[in-house]
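Reader: I have a model to go through before I set anything up. Can you take me through it in plain terms?

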2 protein chains.
Amino acid sequence: MLGVDPGLTRCGIGVVDSQSGRRAQLVAVGVAMSPPDISVDQRLLLIADELDRWMDLHVPDIVAVERVFAQHNVSTVMGTAQVAGLAMVAAARRGVPVAMHTPSEVKAAVTGSGRAGKEQVQRMVANILGLAEVPKPADAADALAIAICQLWRPAALLDKAERFALTPAQKAWAAAEQAARRARGTR
Amino acid sequence: MLGVDPGLTRCGIGVVDSQSGRRAQLVAVGVAMSPPDISVDQRLLLIADELDRWMDLHVPDIVAVERVFAQHNVSTVMGTAQVAGLAMVAAARRGVPVAMHTPSEVKAAVTGSGRAGKEQVQRMVANILGLAEVPKPADAADALAIAICQLWRPAALLDKAERFALTPAQKAWAAAEQAARRARGTR
């Protein structure tokens, strides 16, 4: 899973993996950045190139992007929405399904509460991935939280299965994965 | 000049040209569309591919994009902002400068009034380009209006000249163009 916490100044990118029956593992995490003193088109290009590089390198099964809302942070929301759009197109261009999660969905998946604070989410990301320290900066940890949210959403996987017309065997596998995950108590 | 009226359902694209001392000419106009019943990432990819195709075909000197504001049309503004971002990145990737114009700047450039109605703007686009009929649909005419706005903005050209560090000779040429355009009374 490749998670994206979209932003024009700092765009968090996190990759997590999990094999059946094993805990989620950190693969890579980082932040694509663009300096605020160049034009917006050049800033967007820097971020787009970095997203392309990450997707080519890690070849994710699903790209999960934090859903941006128009109502809050009006000053930065346009750039954030545009970066989210670039992440979606980068995935779609590679035939990779895209999932969107709201901030409260991500918090609930990682901490059990949709109203958890930022620090609590970051501590849980470190706990879940078995890291000694919280990944820095916050955007990097947030991107990992989005990827974990996606990894732990078998319902979403089943939706994708339908959307991409998986075979009955693949659907059965996804259902078994879901059951096994429930039995392990990881959600 | 390639003008873009960004939109997720319909994205107007218009190309106009003008040689020194001649009126603005229509080169091509069209609308990139995406069906509302597929996922947003697939819709954005369709529009992105079409924008790439137009830019490869017409090799514009400048791409002019209508500036999107967060405050109005909250339901569609995210998709519109994302398409604007795709147009900016498509241009930046080709080394083509990007200019942004507000709707009222476009109206003022084309009709003389920043508060002109949609139909008035469209009639003027037809008049300026010497077309017997108003280009349809409205998004196509709007994209042409944005391109004309850019074509008629010598001040913007001078800004670009500075940004792209043109030579003094090129700056002098731009200033002469501006003076000639004023003398012809085209603005």
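Reader: Start with Asp139(A): buried or exposed?
Author: Asp139(A) counts as buried, at 13% relative accessibility. Buried means under 20% relative accessible area, exposed over 50%, and partly exposed in between, with a 1.4 Å probe and protein chains only. Keep in mind that this is a predicted model: local features need pLDDT of at least 70, side-chain atom pairs count only at pLDDT 80 or more, and totals for chains, interfaces and linings use all residues. Residues are numbered from 1 along each chain as its sequence is written, chains are lettered from A and ligands numbered from 1 in the order in which they are written, and side-chain values use heavy atoms, with hydrogens and water left out.

Reader: Where is Asp139(A) placed?
Author: In helix H5 of chain A, residues 138-151. Helices (H or I, at least four residues) and strands (E, at least two) are DSSP runs, numbered from the N terminus.

Reader: And what is Asp139(A) in contact with?
Author: Leaving aside neighbours within four places in sequence, Asp139(A) contacts Asp5(A), Arg10(A), Gly12(A) and Val31(A). Contact means heavy atoms within 4.5 Å.

Reader: Which residues does UniProt list for "active site"?
Author: The unreviewed UniProt entry lists Asp5(A), Glu66(A) and Asp139(A) under "active site". These residues are spread over 135 residues of sequence but cluster in space, with a largest C-alpha distance of 11.3 Å. UniProt positions are in the numbering used here, feature names are shortened, and annotations may be inferred rather than shown by experiment.

Reader: Which feature does UniProt place at Glu66(A)?
Author: "Binding site", again from an unreviewed entry. Glu66(A) sits in strand E4 of chain A, residues 63-66, and counts as buried at 18% relative accessibility.

Reader: What does Glu66(A) touch?
Author: Not counting residues up to four places away in sequence, Glu66(A) touches Val4(A), Asp5(A), Pro6(A), Met100(A), His101(A), Pro103(A) and Ile146(A).

Reader: Back to helices. At what angle do H3 and H5 of chain A pack?
Author: About 75 degrees, with their axes 9 Å apart; H3(A) covers residues 103-111. Axes are lines fitted to C-alpha atoms, for helices over the stretch in contact, and angles run from 0 to 180 degrees between N-to-C directions. H3(A) and H5(A) are therefore roughly perpendicular to each other; angles under 35 degrees count as roughly parallel, over 145 as roughly antiparallel, 65 to 115 as roughly perpendicular and the rest as oblique.

Reader: Which residues of H3(A) and H5(A) meet?
Author: Glu105(A), Val106(A), Ala109(A) and Val110(A) in H3(A) meet Ala145(A), Ile146(A), Ile148(A) and Cys149(A) in H5(A).
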